[in-house]
Amino acid sequence: MKEATGELNMTVVTVVAIAAVAAFFYAFVWPGIRNSINTSTYCSQAYGCDENYQNCEYMDKDGTEQTGLNCKSYFDKQNEGAVDLPGMGG
């Protein structure tokens, strides 16, 4: 009986630990991931950006035009691997 109680305690500790990790992820990590996904999606559809890509326009998921999107880091990452080829207008 003592062994069964010990195993039950370890099960409870494991479940509580998993719940704590899940709560931490949901509260602190997931909002950053979701923001990154949304920004990447909106920046890939952006138009009317200024020369620094810091003030772009985009359509949100409801079809409403939004302004003020900062896409500088998105376009910097997109252009990181870009190579200017001779004769290709680069």
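How far apart in helix H1 are Phe24 and Phe28, counted in residues and in helical turns? Phe24 and Phe28 are 4 residues apart in helix H1, and so about one helical turn separates them.

Before I go on, a word about the basis of all this. What we have is a predicted model, in which local features need pLDDT of at least 70 and side-chain atom pairs count only at pLDDT 80 or more, while totals for chains, interfaces and linings use all residues. Residues are numbered from 1 along each chain as its sequence is written, and side-chain values use heavy atoms, with hydrogens and water left out.

Phe24 and Phe28 form a tilted aromatic pair, with 5.2 Å from centre to centre and 40° between the planes. The rule here is that rings of Phe, Tyr and Trp (its six-membered ring) pair if their centres lie within 6.5 Å, and that planes under 30 degrees apart count as stacked, over 60 as edge-to-face and the rest as tilted. Phe24 is partly exposed at 48% relative accessibility, whereas Phe28 is exposed, at 61%; buried means under 20% relative accessible area, exposed means over 50%, and partly exposed lies in between, with a 1.4 Å probe and protein chains only. By the ring rule the count comes to 5 aromatic pairs, and ring pairs also link Tyr53, Tyr74 and Phe75 into a cluster.

Most residues other than glycine have a negative phi. Tyr53, although not a glycine, has a positive phi of about 60°; this residue sits in the loop between H1 and strand E1 (56-59) and is partly exposed, with 31% relative accessibility.

Now to the cysteines. A search of the whole structure finds 2 disulfides, a disulfide being a pair of cysteine sulfur atoms within 2.5 Å. With bonded cysteines counted along the chain, the pattern is 1-4, 2-3.

Cys49 counts as partly exposed at 26% relative accessibility, but Cys56 counts as buried at 0%.

Finally, the charged side chains. The search of the whole structure finds 1 salt bridge, defined as a side-chain nitrogen of Lys or Arg within 4 Å of a carboxyl oxygen of Asp or Glu. Asp76 and Lys72 meet in this salt bridge at 3.3 Å, N to O, and, being 4 residues apart in helix H2, they are separated by about one helical turn. Asp76 is partly exposed with a relative accessible area of 39%, and Lys72 is partly exposed with 33%.

Methods: Helix = DSSP H or I, 4+ residues; strand = E, 2+ residues; numbered from the N terminus.
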